[in-house]
Amino acid sequence: MLRCEGLTQTYLSGGRELTVLKDISFELEAGGFLSIVGPSGSGKTTLLGLLAGLDRPQRGRVVLDGTDLGALSEDERARVRGRKVGFVFQSFQLIPTLTARENVQVPLELQGEEAGTRADELLERVGLGARGHHYPAQLSGGEQQRVALARAFANRPKLLFADEPTGNLDTTTGATIVALMLELNRDFGTTIVLVTHDLELAARARRTIRLADGRVVGDSGR
Amino acid sequence: MTSVAFVARMAWREARAARRRLLLLTGAVAVGVAALVAINGFSDNLRVSVRDQAQALLGADLALTSRRPLPPAAEAALDTLARDGVRARVTSFSSMAYVPRTTGTRLVQVTAVEGPFPFYGRYRTEPDSAWAGLQAGGRVVVEPSLLTALGAQVGDTLALGEGRFAISGTVTSIPGDVGVRAAFGARVFIAGRDLAATRLLGFGSRAEYAAYVKLAPGRDAQRIAAGLRPGLRAERVRVRTVADDQANLTDVLRRLANYLGLVALVALLLGGIGTASAVAVFIRRKLDTIAILRCVGATSGQLFAVYLVQAAAMGVAGSAAGVALGLGLQQLLPAVLRNVLPVQVVPVPSARAMLLGLGVGTWVSVAFALLPLLAIRGVSPLVALRREYEARNRRRDAWQLPVLLLLAASVVALAALQSGSWRTGGYFALGIGGALLVLWLASVGLIRGVRRWFPHRWPYTWRQGLANLYRPANQTVTVVLALGFGAFLLGTLFLVQSNLLRQLRLDAGPDRPNLVAFDVQPDQARGVDSLFRSAGLPVTGPVPIVPMRIAAVNGTPVARLAPDSTPEEAADGEGRRRRAEQPAGWAVRREYRSTWRAELARSEKLTAGKWWPALGARAGRLPGISVEVGLASELKVTIGDTITWDVQGLRLPTQVTSVREVDWARFEPNFFVVFEPGTLEQAPQSLVLLTRVTDAARRGRLQRALVERFSNVTTVDLASVQQAVENLVGQVTLAIRFMALFSLLTGAVVLGGAVATSRFQRIREGALLRTLGAARWQVLRIALAEYLALGLLSALVGVGLALGAAWALARFVFETPFAVPPSVGGLALAVAAGTALMGLANSADVVRRRPLEVLRGE
């Protein structure tokens, strides 16, 4: 489902070249659940960005469901994301000017699909059936993240990328979100890539990759 | 659902939440569109009015006019035309009017009408019968203002020269009358056959003689005029038709409307800048939303379209509001321009102007929004993961240059559309572009300069305020562009006006004459002189005046020199080229009133050649003349060239021996051409005497005494001339200032918008500062420092640019010397102070709200 080979990424920072990722390779089967852990600045988020096709690798390649992302333009990658990928972010990243229901509708509308019914179903599923007309600012953090989950599953993605999904939530709410994520993963057969520095949360994944200084220093699945 | 549906739906949802902020954006466009619709609609109304009223403006089908009694050739033509038509004669000139009962005297414009004039249109009088009754003789119809000025009433006797008339009524409406004309003397109408009794048309009086013809139905006035012109041109008789007058008038009014339209366009462009800045801020705030949408699969094209549709929708909304506002303004314009318009204008909505306003407004919104919208294309979806990514990866968009070119082309095209000429449009766009570039450079310079040479030793509040100039999300560029441009525009108008007025201000120093007696006949000179002297007044003159015309320049007769002034011929390229090489038509055809003098006057300075040589050295050469420098260039003559004059039918060849500069503003008898003494003494002449009377009441009494004794002598009071000139300039500039007001208004809206968009951030910062222990006055002083710096820079650069522009206009367009009035400093101060006040007002809210309330609300 997801394969990366020799991923290397460097940035210029203050005139000095900074290597964020060094020669990262692994493969993830369909329906799998991978967590990527590591301390701050280890390159987790950069790796997530490359795997999800949000950025183009400077060296190496990413193959997502048979498509080599490196060969695509940004707009072509956007279409791949729209069809096959879902996102959950640490800071929820709902669009503040759209209602909860409209936020869930967006990925489907981009595909040109009828979105209303499915958005209602998903909101029902995450326990917010009655809050669809509320704006993000009117929802609590946990509620916002549940809307974000509903949005992430709206287009029936093959892959779900989650970036510290519980980072901005208290422990109890965080646990609810993770439970919901796993439930959806089971029901839809979605492959999940989770980035976190919460080792307890990471342990719930079937496989864990540890990063340090841009290198893989441990892979439980190998 | 297609991509189009997504774009439309997202645009609607997004706009829904930002409606109030976008309203400001539409406001800036609306004001500019309103100004454009008003002026363009008014211009359309004008064209229709001129077309409908053209016949009444001339009052006939055909007119022959001349500065002298019509020559035999013209009379012969009239006889032929009148065989199957009707004719009338109108003679007009200036004179003194005097009411014996009240002893009031006034300079008036006398019009003597003979025959059933006008054939078209109507002179409205009170009572109604007064106009027709005029022909009975011995009666006069006057403008109501004259009755007030003379303290007279209907029924009184009015003296014009030697004639005595009964005031039989007042004239309330004259077709084609321009209000400002009344400033040069009220109109007085008498019958043509009473003219002789006044004995006013003596030697040297200036009069216009006209004959009007109503043609039999079916006869083509244009064809007849074309047939008459070649023969009458040499006789200096002008042939006018309704179509000629309409074409000329339409042309003049179109030009006036075009320039007013350009001023309106400036307001709209300023609104465009406001739009651009509002969109830039808007997009900066939408970065997260854009990044999220990119993550979930939206392409950059789709997102660009979402926000472009919003900008266009706001443009349409703003333009529609502007059209509505413009229709209201259009109702006001006839009143503003009333005194300079020869036709009655009924404001009617013009579909053309409305559609144009809607289209142009929308286009300006879109064109100016494009550049900031390009930023959307560069937003990486990674921003959703980590905000700092945005700053790290900024690449120049390949579309930036094409968009800039499109913007420049739009401005040129709009200016060309509004001014009716690509050339003017190009210059206009170049001027605007140059001013904006300078302002932009100044604002960027301020940002960099403050950063580089930051005053680290200054008190904390001032440092904070100055640092706000370069901090992220600063408004420095927008505010300086909007304000500086407004200051530039207003400053230019103000400087040009003050320079023109200064030029026109007749120099009335304490020792200068302020009362002139014209048309004094040689046998009256002694009498006038002793009248002045017996009153203990100083006397300048008598200065002799000899009327003459040019017969030939360097041997070429006038008939071959004078280029044609008919519209058809002037239009072709050949005619234009010929005109460029030849003396100007007016200079060749006009009547000259020349004098002779042994010395240069105080108001004159030689620029070339020599003043008269000793008398003895004159033998064997042509009499010398000294020509005014402007006239020399119009006539294309220089030292050594010969001019042959027609002095009352007598040929007088002369040679140009010097060229003089004349300070026309000095109230002295100034002349285009001065003859060498010993040349003109025997020619028929009239005289001018000048004196100085400080007291206005005494001046009035003296004028009365002169009229009583010498009824043909016309006196002109400097104070009233000055007032007339100022009135005239004031009327014309009123219209321009009215339109410029819109630029100021737009500037204010844009400034308000810029301040309001930064307000949210300022409130947060203020709250944080106050949490950390800042006092209210400290927060206010920070705002004061920031906005004072912005205001000062905008004012200085704007006024600096205005000085440059006004200098260039004075030098190249108006050809007048340029001086800087000290009041321009006041304008600069007002702009700076206004900006600082606006900044403070914005911060009032910051200090009013409790810090906790603000921080919680995040």
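Predicted model: local features only at pLDDT ≥ 70, side-chain atom pairs only at ≥ 80, totals over all residues.

Tutor: Let's start with burial: a residue is buried if 20 or more other C-beta atoms (placed from the backbone) lie within 10 Å of its own, exposed if 12 or fewer, and partly exposed in between. D519(B) has 25 C-beta neighbours inside 10 Å, so D519(B) counts as buried. Residues are numbered from 1 along each chain as its sequence is written, and chains are lettered from A and ligands numbered from 1 in the order in which they are written.

For the complex, the predictor gives an ipTM of 0.90 and a pTM of 0.74.

Chain B has 27 helices and 21 strands; these are DSSP runs numbered from the N terminus, with helices being H or I of at least four residues and strands E of at least two. Of the 858 residues in chain B, 44% are buried. Among contacts in chain B with a separation of 6 or more, 85% link residues 24 or more positions apart.

P538(B) sits in the loop between α17 (525–534) and β12 (539–553) of chain B. With 12 C-beta neighbours inside 10 Å, P538(B) counts as exposed. Still, its C-alpha atom is 8.3 Å from that of L690(B), 152 residues apart along the chain. Leaving aside neighbours within four places in sequence, P538(B) is in contact with T691(B) and R692(B).

Now for some backbone geometry. Most residues other than glycine have a negative phi, and most peptide bonds are trans. D519(B), in strand β11 (residues 515–520) of chain B, has a positive phi near 55° without being a glycine. R199(B), also not a glycine, has a positive phi of about 55°. R199(B) lies in the loop between α6 (195–198) and β9 (207–214) of chain B, and with 13 C-beta neighbours inside 10 Å it counts as partly exposed. As for cis peptide bonds, one joins F117(B) and P118(B), with omega about -5°; P118(B) belongs to the loop between β3 (104–114) and β4 (124–126) of chain B. The bond from E126(B) to P127(B) is cis too, with omega near 0°, and P127(B) is in the loop between β4 and α4 (130–133) of chain B.

Next, the helix packing. Helices α8 (residues 242–285) and α13 (residues 400–419) of chain B have axes that come within 8 Å and cross at roughly 150°. Axes here are lines fitted to C-alpha atoms, for helices over the stretch in contact, with angles from 0 to 180 degrees between N-to-C directions. That angle makes α8(B) roughly antiparallel to α13(B), since over 145 degrees counts as roughly antiparallel, under 35 as roughly parallel, 65 to 115 as roughly perpendicular and the rest as oblique. On the α8(B) side, N258(B), G261(B), L262(B), L265(B) and L269(B) meet V411(B), L414(B), A415(B), Q418(B) and S419(B) in α13(B).

Last stop, the meeting with chain A. The contact takes 27 residues from chain B and 26 residues from chain A. On the chain B side, the elements giving two or more residues are α1 (3–17), α9 (287–295) and α10 (300–336). Zoom in on α9(B): seven of its nine residues are buried, so it is largely enclosed by the rest of the structure. Those buried residues are T289(B), I290(B), A291(B), I292(B), L293(B), R294(B) and C295(B). Their cover comes from both chains, including α2 (74–84), β6 (85–88) and α3 (100–110) of chain A together with α10 and α11 (351–377) of chain B. After α9(B) comes G297(B), with a positive phi near 115°.

Conventions
Contact = placed C-beta atoms within 7 Å.
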